[in-house]
2 protein chains.
Amino acid sequence: MVETRTVRASENLGGTSPAPAVTRAAAVLDVLAASQSGRLTLSDLARELGIPKSSTSNLLLALEDADLITRQGADFALGIKLVELGAAYLSRRDEVREFYRFCEEAPTLSRETVRIAMLDGTNVIYLARYEGHPAVRLTSNIGDKMPVSLCAVGKVLIARLHDHDLAEMFPDDLELPVMTPKSLRTGAALKAQLQNIRSQGYAMEDEESTTGVVCLAVSVPTRGAHGPSLGVSVTALKATYSQEQGEQMVAELQELARTLGNPMG
Amino acid sequence: MVETRTVRASENLGGTSPAPAVTRAAAVLDVLAASQSGRLTLSDLARELGIPKSSTSNLLLALEDADLITRQGADFALGIKLVELGAAYLSRRDEVREFYRFCEEAPTLSRETVRIAMLDGTNVIYLARYEGHPAVRLTSNIGDKMPVSLCAVGKVLIARLHDHDLAEMFPDDLELPVMTPKSLRTGAALKAQLQNIRSQGYAMEDEESTTGVVCLAVSVPTRGAHGPSLGVSVTALKATYSQEQGEQMVAELQELARTLGNPMG
DNA sequence: AATGAGAGTCCAATGCACTGAACAGAAACC
DNA sequence: GGTTTCTGTTCAGTGCATTGGACTCTCATT
């Protein structure tokens with residue numbers, strides 16, 4: 001945490017930014033979310049954001065007033081209102097409801113750990129998790145972010161993008177985050193897999209984020225003009241994973257994806 | 001939705017409000033979260049908030065820029081960033097992690113549906129849910145809000161408050177929200193239960209929010225000076241519920257509460 | 001076509017939110 | 001005790017964000 005980023009009106013190059021206080025307030029939330037302990041003092045935040053303490057004080061008062069942050073003694077932390085707003089977002093996505101319904105009734109998936117995720121830049125965010133049979137106890141929670149290169153859903157979702165976008169997001173020499181010895185290490189390695197994923201219609205992750213764990217994922221056709229990129233995945237233990245079981249799970253995932261893509265549910 | 005509330009600097013009576021743009025931006029999020037469809041146009045929002053369209057436009061641009069809202073054609077909706085921030089909040093609460101760990105290992109609770117919630121005004125917000133044996137398929141999700149009068153956790157949490165606070169929050173003649181024939185209907189009825197809850201150390205909900213379902217809840221001792229009011233609850237089917245089973249579950253809930261209240265986990 | 005009601009955008013004038021510097025309190029150091 | 005280095009708060013001046021009204025565009029209705 002050495003770098004100090006300045007959030008000024010001039011930040012958005014190419015145009016003057018409206019409501020700079022809002023932009024800065026959002027930056028406060030980001031900094032709190034990214035901070036190790038989740039608790040920072042006014043001065044910490046002012047330093048981190050590169051804005052005067054007096055201005056920061058005003059921002060924090062307004063944010064606290066709106067319950068978006070809480071004051072804990074001298075420290076500030078994210079507020080419970082954010083959980084509530086996040087839940088409000090999810091409650092509007094009826095894919096989530098349909099996802100649960102489908103998982104409960106699917107012959108194989110109903111006994112597995114299934115997740116639905118959406119693409120957000122070069123990460124995926126998990127929207128819901130179904131745990132039919134918690135053989136695999138996941139550490140990831142709803143709302144958690146994961147680099148696309150490290151999970152099957154991530155790979156299957158970026159496989160939908162155009163090559164020139166991919167080239168921009170993942171230059172050949174880009175160093176990817178590494179979590180296990182099997183993690184993909186460069187943009188080139190990642191892009192090399194995509195053609196294969198496109199032709200077979202699903203993606204696989206083989207111990208790339210967690211040793212001993214494999215994932216299969218399928219992309220959900222975008223419903224409507226403004227929908228996000230969604231994908232569904234199953235997580236299984238490598239030790240008990242078999243080819244036939246994998247094929248069955250992919251088939252059910254594909255049916256789930258079709259169901260979610262269809263506006264009637 | 002007839003009433004139009006005006007969000008001006010003078011809103012916070014008793015003092016001028018700093019960073020009014022932030023206060024208004026938070027109001028935008030609230031309105032979107034509260035709206036039926038979750039999608040409103042710029043003009044809708046301007047009307048609802050009682051601020052000029054041009055100002056609203058600026059707010060929305062800034063919010064969109066921060067990913068806190070998304071534009072879907074002419075409509076605006078809550079953004080995925082809120083889910084992410086909500087998850088960041090939860091990830092910092094280590095009570096949640098400990099809650100899961102405890103539930104998995106507890107003899108009885110590990111096979112039940114258990115939740116942890118926190119008090120937020122006259123509502124509780126669910127922070128996590130453990131589903132050991134999904135006999136009871138809950139419709140509530142993490143981040144969902146519930147009036148305290150309708151659930152066991154709510155009742156056990158307000159039982160900790162002082163009488164004068166209770167008198168203010170729940171006047172005798174206050175009409176409470178009703179979801180089943182057994183729901184408590186007035187502030188007086190709610191307060192009448194509290195003395196009993198205090199003396200027995202746990203609260204029960206008997207088909208007050210969902211017919212056929214009972215809940216037991218215990219309050220978690222507040223850890224540290226600035227901690228929120230937390231409670232844990234089990235949900236069971238009334239049909240299969242027995243006295244002995246209830247006693248066992250209360251005992252385990254109390255142990256869970258002690259564990260969570262203890263700073264070492 | 002013509003009209004009206006809705007949407008969102010634009011821009012100059014202006015009033016208020018931001019800020020810098022000075023201030024005060026707490027804690028840590030020598 | 002004195003000094004330094006934190007913390008957060010206060011306030012008057014000023015520069016920029018806000019805003020009202022005019023504008024454009026789209027879509028129904030007559």
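This is a predicted model: local features need pLDDT of at least 70, side-chain atom pairs count only at pLDDT 80 or more; totals for chains, interfaces and linings use all residues.
Two strands count as paired if DSSP finds at least two bridges between them. Strand E1 (40-41) of chain A is joined by two bridges to strand E3 (residues 75-78) of chain A, and the two run antiparallel. Within this pairing, Leu40(A) has Phe76(A) in E3(A) as its bridge partner. The sheet to which these strands belong is open and consists of three strands, in the order E1-E3-E2 (chain A), with antiparallel pairing. Its edges are formed by E1(A) and by strand E2 (69-72) of chain A, each of which pairs on one side only.

Burial here means a relative accessible area under 20%. E4(A) pairs with strand E5 (123-131) of chain A in the antiparallel sense, over eight bridges. In that pairing Arg115(A) stands opposite Arg129(A) in E5(A). The hairpin of E4(A) and E5(A) has two residues between the strands, and Gly121(A) takes a positive phi near 70° in this hairpin. E4(A) also pairs with strand E9 (residues 230-237) of chain A, again in the antiparallel sense, over six bridges. Ile116(A) has Val232(A) as its bridge partner in E9(A).

Strands of a sheet pair through backbone hydrogen bonds, either parallel or antiparallel. In a regular strand the side chains alternate between the two faces of the sheet.

Chain B may be approached from strand E9 (residues 230-237). Seven of the eight residues of E9(B) are buried, so the strand is largely enclosed by the rest of the structure. Strand E4 (residues 113-120) of chain B pairs with E9(B) in the antiparallel sense over six bridges, and Arg115(B) stands opposite Ser233(B) in E9(B). Strand E8 (residues 213-220) of chain B is likewise antiparallel to E9(B), to which eight bridges join it. For Val214(B), the bridge partner in E9(B) is Ala236(B).

The relation between the two chains comes next. A rotation of 180°, with 0.0 Å of shift along its axis, superposes chain A on chain B with an RMSD of 0.1 Å. That is the relation of a two-fold axis. The same surface serves both copies, since 100% of the contact residues of chain A recur in chain B.

The extent of the interface can be described in two ways. By contacts, 53 residues of chain A touch 53 residues of chain B. The size of an interface is often given as the accessible area lost when the parts come together. By that description, chain A and chain B bury about 4200 Å² between them, 67% of it on carbon and sulfur atoms.

Polar and charged pairs also cross this interface. Nine residue pairs are in polar contact between chain A and chain B, and four salt bridges are found there. One of the salt bridges links Lys81(A) with Asp30(B), whose closest N and O atoms are 3.5 Å apart. Several elements of chain A each supply at least two residues of the side that touches chain B: helix H1 (20-34), helix H3 (53-65), H4, strand E4 (113-120) and strand E5 (123-131). The largest share of that side, eleven residues, comes from H4(A).

Glu84(A) lies in helix H4 (residues 81-92) of chain A and is buried, with a relative accessible area of 16%. Apart from its neighbours within four places in sequence, Glu84(A) is in contact with Asp120(B), Ile125(B), Gly143(B) and Lys145(B).

The corresponding description can be given for chain B. Glu84(B) is found in helix H4 (residues 81-92) of chain B and counts as buried at 15% relative accessibility. With neighbours within four places in sequence left aside, Glu84(B) is in contact with Asp120(A), Ile125(A), Gly143(A) and Lys145(A). The side chain of Glu84(B) makes a polar contact with the side chain of Lys145(A), at 2.9 Å.

Notes. Residues are numbered from 1 along each chain as its sequence is written. Chains are lettered from A and ligands numbered from 1 in the order in which they are written. Side-chain values use heavy atoms; hydrogens and water are left out. Copies are superposed by least squares on the C-alpha atoms of residues with pLDDT of at least 70 in both. Contact means heavy atoms within 4.5 Å. Helices (H or I, at least four residues) and strands (E, at least two) are DSSP runs, numbered from the N terminus. Buried means under 20% relative accessible area, exposed over 50%, partly exposed in between (1.4 Å probe, protein chains only). Buried area is the accessible area (1.4 Å probe) that two parts lose on being put together, summed over both. A salt bridge is a side-chain nitrogen of Lys or Arg within 4 Å of a carboxyl oxygen of Asp or Glu. A polar contact is a pair of N or O atoms within 3.5 Å; within protein, one must be able to donate a hydrogen and the other to accept it, and residues adjacent in sequence count only if both atoms are side-chain atoms.
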